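Here are some notes for a first look at this structure. Please keep the sequence and the model open while reading.

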Amino acid sequence: MKDIYGNEPPVPLGRAHLFGALAVVMVAVLLGSWLVLKMDKPGRTQRPIKAATEVKGDGSVRSKTEEAGADGMSWTNGMVHIPGGSFWMGSDQGFPDETPVHQVIVDAFWMDETEVTNEEFQRFVRATQYVTVAERKPRAEDFPGAPLEKLVPGSVVFKPPAGEVSLEEYYKWWIYLPGASWRHPSGPGSDIVGKGNHPVVHTAWEDAVAYSKWRGKRLPTEAEWERAARGGVERQMYIWGDDLAPAGKWKANTWQGKFPQSDNGGDGFVGVAPVGSFPANAYGLYDMAGNVWEWCSDWYRPDTYAQSPSRNPRGPDDSFDPNEPGMAKRVQRGGSFLCNEAYCAAYRPGARMKASPDTGLAHSGFRCVRN
Ligand SMILES: [Ca+2]
Ligand SMILES: [Ca+2]
């Protein structure tokens, strides 16, 4: 089950792992997943925009100004039009769950130009008083066997191990940190002041769904996400081509150096980068590779593609992860600032990840779509 680099698939984790492990290891520990319209051309919206238009199939133009979103602006503000059409989904150069490569047809939709930012998420929280999963006290019934004193609000952060570790010992660089949340990405001593344009992190799937609904949007299907990421360019290893760093230039916020001990920030960033710090793909979307993982609406199964309908697939009806058969998981895409060639190379547009819906990590974010 190794990939083209000879790597084992990255290990997914969920909140439940954390508390299960706590029952055994008496420390506030662990967990972690690494794993963690119709227009001829896609159009990038200008911001601020108040009068977006849509060119319909018959050539007529429809204004969307009247369809204001929750922020009083046109809902297309900050979104990019992704044309409908067919593309080759999957990859035969990655892990087995990316196969078979198959042709999929997706209707047109609009997608957020960037990952959802702290500033955007803060507007949502202020308007709704929403409390994220990481800020809620875990319920004892959800984590049988966990010491009650350990059931405190928090999330999982990345901490480089001091010495040599096996790449299978993921629990040595993921730490459950009480008080970590989107407001405090690195724990209680940290905040998001001056980081309004950073992607929001520590967002569980249900947090992402709640935000999406408030904006009158939704999470993308896995097929929509991959079509958008590939930008109309078929069967490339990366969304920008087949070279990881053409002419020595990094094209996404990933990891350089020895993982997981030391990220030398060769791409200009250690940790998250402000959204849009790297070149957009051919559709005008930023950070579809790297920076933070992005939730999709689909349940995860490794055999999804073997039974997927060819038109507007919405994922399987149930979830199955052979690594954790009892835990239902949703799909995540795009990789993060922690991804590197030696581990998961998940910034490839075909790469798939999964996590339980109640799991948010220091590199888990999302973006929304709408038809
Ligand atoms: Ca980086
Ligand atoms: Ca991303």
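1. Start with one pairing. Strand 3 and strand 6 (residues 109-112) run antiparallel and are joined by four bridges. Within this pair, Ile 82 stands opposite Phe 109 of strand 6. Note that the model is predicted.

2. Strand 3 spans residues 79-82, and both of its faces are covered. Met 79 and His 81 are buried on one side. Val 80 and Ile 82 are buried on the other.

3. Three strands form an open sheet in the order 3-6-13, with antiparallel pairing. Its edge strands are strand 3 and strand 13 (369-370), each of which pairs on one side only. Strand 6 and strand 13 are linked by two bridges in the antiparallel sense. Here Trp 110 has Arg 370 of strand 13 as its bridge partner. As a general point, strands of a sheet pair through backbone hydrogen bonds, either parallel or antiparallel.

4. The protein has four helices and 13 strands. Of its 371 residues, 50% are buried.

5. Which residues have the most contacts inside the largest nonpolar core? They are Met 111, Ala 228 and Cys 339, in a core of 72 residues. Take Ala 228 as an example. Neighbours within four places in sequence aside, Ala 228 is in contact with Ile 82, Met 111, Tyr 283, Leu 285 and Met 288.

6. Strand 9 (residues 293-299) pairs with strand 10 (residues 330-333) over three bridges, in the antiparallel sense. In that pair, Gln 332 of strand 10 is the bridge partner of Trp 295.

7. Turn to helix 2, residues 118-128. Its buried residues are Asn 118, Glu 120, Phe 121 and Phe 124. Seen down the helix axis, the buried residues fall within an arc of 165 degrees, so they line one face of helix 2. The face turned away from that buried side carries Arg 126 and Ala 127, which are exposed. In general, an α-helix has 3.6 residues a turn, so residues three or four places apart point the same way. Just after helix 2 comes Gln 129, with a positive phi of about 60 degrees.

8. What do the buried residues of helix 2 pack against? They pack against helix 3 (205-214). Helix 3 in turn has Trp 205, Asp 207, Ala 208, Tyr 211 and Ser 212 as its buried residues. Viewed down the axis of helix 3, these fall within an arc of 160 degrees, so they line one face of the helix. Their cover includes helix 2, strand 9 and strand 10. After helix 3 comes Gly 216, whose phi is positive, near 70 degrees.

9. Strand 7 (residues 154-158) and strand 8 (residues 174-178) make another antiparallel pair, over five bridges. Val 157 has Ile 175 of strand 8 as its bridge partner. Strand 8 is mostly covered, with four of its five residues buried.

10. Finish with a loop residue, Val 201, found between strand 8 and helix 3. Asn 118 is one of the buried residues of helix 2.

Notes:
Residues numbered from 1 in each chain as written. Chains lettered and ligands numbered in written order. Predicted model: local features only at pLDDT ≥ 70, side-chain atom pairs only at ≥ 80, totals over all residues. Buried ≥ 20, exposed ≤ 12 C-beta atoms within 10 Å, placed from the backbone. Pairing = 2+ DSSP bridges. Core = buried A, V, L, I, M, F, W, Y, C linked by C-beta atoms within 7 Å. Contact = placed C-beta atoms within 7 Å. Arc of directions from axis to C-beta.
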